[in-house]
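Here is a short report for a reader who is new to this structure. Take a look at the sequence and the model before reading on.

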Amino acid sequence: MSPSAPPLEARMAELTGRHVPFVKATVVRARRPASARPGDTALVLADGRVEGFVGGACAEATVRVQALRTLRSGESLLLRISPEETADGTGEPVVEEGAVSVANPCLSGGELEIFLEPLRPVPRVVVLGESPIARALAAFGPVLGYEITEAAGADGITPEELAGSQALVIASHGRGEEPVLVSAVRAGVPYIGLVASPRRGAAVLDALPLGAEDRARIHTPAGLWIGARTPGEIAVSILAEVIHAVRGCSVEVEVEVEAPPETPESPATGSVTAVDPVCGMTVSVVDSTPYSDEGGDERRWFCCAGCRAAYEKDPARYAKADAS
């Protein structure tokens, strides 16, 4: 077992307990010369931080890009990294079912196969109220694999629970609604539902000290229109709307980074990427990514400090390569 395993296991338990998404990257095969060995493990967080070891800076840059993509998709992936051109000769990653092969010209000559396992938190749904609809939500939620936090009153909902939740459903029939709705909006909870008639729901929204855009984030009457009548049916319609918000639209694991306009956004991951002008690798633009402002108005990003040093020795050379 890798010496880094015990502390990483504790770190994984901590992240899981805090509902923080991450990717576990494990080296399953290494062909020498390579600095990583089978069993070496790292964790890739949604902001691009890498904790642990799965290879040098260049291999780590490739792992970061692909790990953030798996975190977005939720699907595990076998990543093959080789210094040689990919089979199709284009230099672009070759995607197969469950695997992707990437040419990394910076490697020392070896090859790596790394299993990327995205570990996204079980969606947490906070339910406020003791009504039949609230009880039905508490009963049906675990069937979907959701963690249901029941709160009889507004005082039972902590800011930490709201900040770490994917959904809040208020089914308290007028008891303690307003402060919790405002707190949920300000905490950025992805789905906020208020069980109320259209008339009462509109009146509650109008009374909230929120702007029109924030009020529009609150779903009332909560639930998709499926003709539901009973408390159980209404609970199903609400959970269907929660599923659409949590799974169907977007999962809140995207990397939020500030990048210059010249840096393209990758539609496959939602994260910002750039191409290293020296080696041609695609890299994720995060706080730890090496960059240089030499050689013109455009900021350049690199897989490692070595490529940045090579660029800064002769920026004009790589500018000519880009133009060709």
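Arg49 is partly exposed, because its relative accessible area is 44%. In this predicted model, Arg49 has a salt bridge with Asp47. The closest N and O atoms of Asp47 and Arg49 are 2.7 Å apart. Asp47 is partly exposed too, at a relative accessible area of 35%.

**Salt bridges**

Side chains of opposite charge can pair when their charged atoms come close. How many salt bridges does a search of the whole structure find? The search finds 13. The table lists three of them.

| Salt bridge | Closest N and O atoms |
|---|---|
| Glu14 and Arg11 | 3.1 Å |
| Asp47 and Arg49 | 2.7 Å |
| Arg80 and Glu96 | 3.0 Å |

Arg80 and Glu96 link distant parts of the chain, 16 residues apart. Arg80 sits in strand 4, residues 77–82. Glu96 sits in strand 5, residues 94–96. Arg80 is partly exposed, with 28% relative accessibility. Glu96 is partly exposed as well, with a relative accessible area of 41%. Both residues belong to a network of salt bridges, which also includes Arg29, Arg31, Glu111 and Glu113.

Glu14 and Arg11 are both in helix 1, which spans residues 5–17. They are three residues apart, about one turn of the helix. Are these two residues buried or partly exposed? Glu14 is partly exposed, at a relative accessible area of 37%. Arg11 counts as buried, because its relative accessibility is 17% and the cut-off for buried is under 20%.

**The chain as a whole**

The chain has ten helices and 16 strands. Of its 324 residues, 46% are buried. Its accessible surface is about 16,100 Å². Carbon and sulfur atoms account for 52% of that surface. Consider the contacts between residues at least 6 apart in sequence: 57% of these join residues at least 24 apart.

Helix 3 covers residues 132–140. Leu137 and Phe140 give two views of this helix.

Leu137 is in helix 3. This residue counts as buried, because its relative accessibility is 2%. Which residues does Leu137 touch, not counting those up to four places away in sequence? They are Val127, Pro142, Ile148, Val169, Ala235, Ile238 and Leu239. Pro231 is 94 residues from Leu137 along the chain, yet their C-alpha atoms are separated by 8.9 Å.

Phe140 also lies in helix 3. Phe140 counts as partly exposed, because its relative accessibility is 33%. Together with Leu224, Ile226 and Val236, Phe140 forms a nonpolar patch on the surface. The accessible area of the four together is about 330 Å².

Ser131 is in the loop between strand 8 (124–128) and helix 3. Ser131 is buried, with a relative accessible area of 7%. Not counting residues up to four places away in sequence, Ser131 touches Ala171 and His173.

**A buried arginine**

Arg64 belongs to helix 2, residues 57–73. Is Arg64 buried or exposed? Arg64 is buried, because its relative accessible area is 7%. Leaving aside neighbours within four places in sequence, Arg64 is in contact with Gly48, Val50, Ser284, Val286 and Ser288.

**Aromatic pairs**

The structure holds two aromatic pairs. In one of them, the ring centres of Tyr291 and Trp301 are 5.2 Å apart and the planes meet at 50°, so the pair is tilted. This pair links distant parts of the chain, with its two residues ten residues apart. Tyr291 is in strand 15, residues 291–292. Trp301 is in strand 16, residues 300–301. Tyr291 counts as partly exposed at 35% relative accessibility, whereas Trp301 is buried, with a relative accessible area of 6%.

Phe302 and Tyr311 also form a tilted aromatic pair. Their rings are 5.3 Å apart, centre to centre, with 50° between the planes. Phe302 is buried, with a relative accessible area of 1%. Tyr311 is buried, also with a relative accessible area of 1%.

How values were computed:
Residues numbered from 1 in each chain as written. Predicted model: local features only at pLDDT ≥ 70, side-chain atom pairs only at ≥ 80, totals over all residues. Heavy atoms only, no water. Patch = residues over 30% accessible without salt bridge, like charges linked within 9 Å, V, L, I, M, F, W, Y side chains within 5 Å. Areas by Shrake-Rupley, 256 points an atom, 1.4 Å probe, with all protein chains shown as cover. Salt bridge = Lys/Arg side-chain N within 4 Å of Asp/Glu carboxyl O. Helix = DSSP H or I, 4+ residues; strand = E, 2+ residues; numbered from the N terminus. Buried < 20%, exposed > 50% of the residue type's maximum accessible area, 1.4 Å probe, protein only. Contact = heavy atoms within 4.5 Å. Phe/Tyr/Trp six-rings, centres within 6.5 Å; stacked < 30°, edge-to-face > 60°.
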